[in-house]
Amino acid sequence: MTTSQLQTRGTRATRDKFLDVVRAGAILAVVAQHWTMPVLSFSGNTLATGNALATPGWWIITWASQVMPLVFFAGGAANLISLRRAESTRAWFAGRVRRLLVPVLPLMAVWLVVPDLLRGMGVPPQPVQVASAIAAQLLWFLSVYLLTVLLTPLMVAAHRRWGLAVPAVLAGLGVLVDVARFSDLGMIGYANAVIVWVAVHQLGFHYVEGRLGSLSRRAALAVSAAGFGVTALLVAFGPYPASMIGMPGAPVSNMSPPTVLLLFLALGQIGFLLAFREKLVSLPRVTAALSWLSPRFMSVYLWHMPALVVVSGVTVLGLGYSTPTPGSSMWFLMAPAWIAVCGAVLLGLLRLFERFETQPDGLVVTARTPQLVLAGLLASGGLLGLAAHGFAPLNDNLLTGPLPWVALVAAGYALAGRQVSMTRSRTLVAVKR
């Protein structure tokens with residue numbers, strides 16, 4: 001390791017405020033996008049849904065609002081920092097797997113019963129299906145992120161041996177997958193759900209231990225221009241759509257499954273933020289906002305869509321409200337009020353469920369490393385199944401609905417090991433001796 005890398009490691013021994021700003025900004029952007037996208041109306045027993053970002057010309061907004069690359073970048077940096085500080089890889093696995101799974105448990109418990117409750121209240125089946133799918137769809141991120149966590153020790157070793165060659169090779173593999181996908185091998189595209197996001201995750205390592213974290217403003221802007229430039233070229237001359245999120249009725253999505261385009265978008269976004277890093281971390285009230293949001297990242301992410309479901313159910317189904325035409329004066333007038341009401345409901349949900357995100361300190365985890373890896377794989381599979389199929393009334397789908405997927409997540413959580421206090425752990429060790 002070079003002297004500059006050692007110095008970088010030393011300077012980032014404390015919590016990196018820039019990463020917190022990136023995570024906070026990304027979560028807020030996700031929430032804002034999801035709350036403003038829906039175009040809703042209810043007639044008869046059918047809820048009509050549309051996407052405001054499908055408005056002609058609004059695709060450009062997605063180049064900034066599609067922030068999942070930033071989430072994986074910040075996650076990669078945070079994972080490397082926390083792994084470096086951990087007493088062992090086993091301890092790190094245990095903390096990461098449990099910290100990701102615990103906040104999901106109340107969400108699953110609630111949505112196992114909500115569809116049946118809604119049907120019992122007389123809500124028609126189609127709106128219930130839409131709500132149940134919306135509540136589960138964002139679990140795809142946790143599924144993929146769990147896999148990046150399990151791969152982190154291996155990818156860190158690869159990073160320290162081969163450096164930038166690792167994301168470069170992953171980018172090449174991503175291109176090959178896209179070529180196969182667009183050559184009538186569509187299902188192979190889902191390989192990029194791992195390849196692309198692991199590559200972006202790897203860029204976080206280069207922020208912590210590499211030149212990416214020490215770029216001058218001019219160099220960072222050059223990286224940004226290159227990233228956005230390649231993205232624009234691939235959109236203009238390749239098979240990629242201009243929108244960075246999936247659009248209703250579009251034959252191709254850059255997001256589901258992800259295309260290699262998102263890796264170049266990541267370079268554009270990361271370079272831009274790095275160019276203004278000092279200003280971002282010194283903005284007024286940033287510290288206060290981060291101190292509130294940082295312990296609640298997962299809870300905000302998991303519960304902002306259920307908050308949207310509540311507001312939509314009351315206003316659209318209950319009061320007959322229809323979303324104004326996106327881009328109209330009425331749409332711009334109503335959007336702040338809509339966001340404010342969704343925010344109020346989210347705050348209420350956080351009061352109930354944010355406690356699950358806080359993990360006690362000073363605990364020893366009893367599971368072994370292979371068991372923890374198996375726990376992560378099982379939970380990842382269960383979360384992916386829920387994201388793909390959604391929740392559904394148990395009365396209709398006891399064995400083919402969400403229950404098997406929930407069981408996989410619960411099994412992963414159980415295998416992650418029980419936690420005991422350090423005092424009790426020492427007692428148990430003494431007894432065994």
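Me: Which handedness does the crossing of α9 and α10 have, left-handed or right-handed?
Reply: The model is predicted. The axes of α9 (residues 165-181) and α10 come within 9 Å. V166, P167 and L170 are among the α9 residues that meet α10, where N192, I195 and V198 are among the partners. The crossing of these helices, α9 and α10, is left-handed.

Me: How are α9 and α10 oriented to each other, roughly parallel or roughly antiparallel?
Reply: Their axes, those of α9 and α10, cross at roughly 160 degrees. Angles over 145 degrees count as roughly antiparallel. The pair α9 and α10 is therefore roughly antiparallel.

Me: What distance separates the end C-alpha atoms of helix α10?
Reply: Helix α10 covers residues 192-208, which is 17 residues. At 1.5 Å a residue, the helix should span 24 Å. The model agrees: the end C-alpha atoms of α10 are 24 Å apart.

Me: How many of the 17 residues of α10 are buried?
Reply: Buried means under 20% relative accessible area. Helix α10 is largely enclosed by the rest of the structure, because the buried residues number 16 of the 17.

Me: Is Q66 buried or exposed?
Reply: Q66 lies in the loop between α3 (62-65) and α4 (68-85). Beyond its neighbours within four places in sequence, Q66 is in contact with residues including Q33, M244 and L262. Its relative accessibility is 5%, so Q66 counts as buried.

Methods: Residues numbered from 1 in each chain as written. Predicted model: local features only at pLDDT ≥ 70, side-chain atom pairs only at ≥ 80, totals over all residues. Heavy atoms only, no water. Helix = DSSP H or I, 4+ residues; strand = E, 2+ residues; numbered from the N terminus. Expected span 1.5 Å × (residues − 1). Buried < 20%, exposed > 50% of the residue type's maximum accessible area, 1.4 Å probe, protein only. Contact = heavy atoms within 4.5 Å. Axes fitted to C-alpha atoms, helices over the stretch in contact; angles between N-to-C directions. Parallel < 35°, antiparallel > 145°, perpendicular 65-115°, else oblique. Left-handed = near helix turned anticlockwise from the far one by under 90°.
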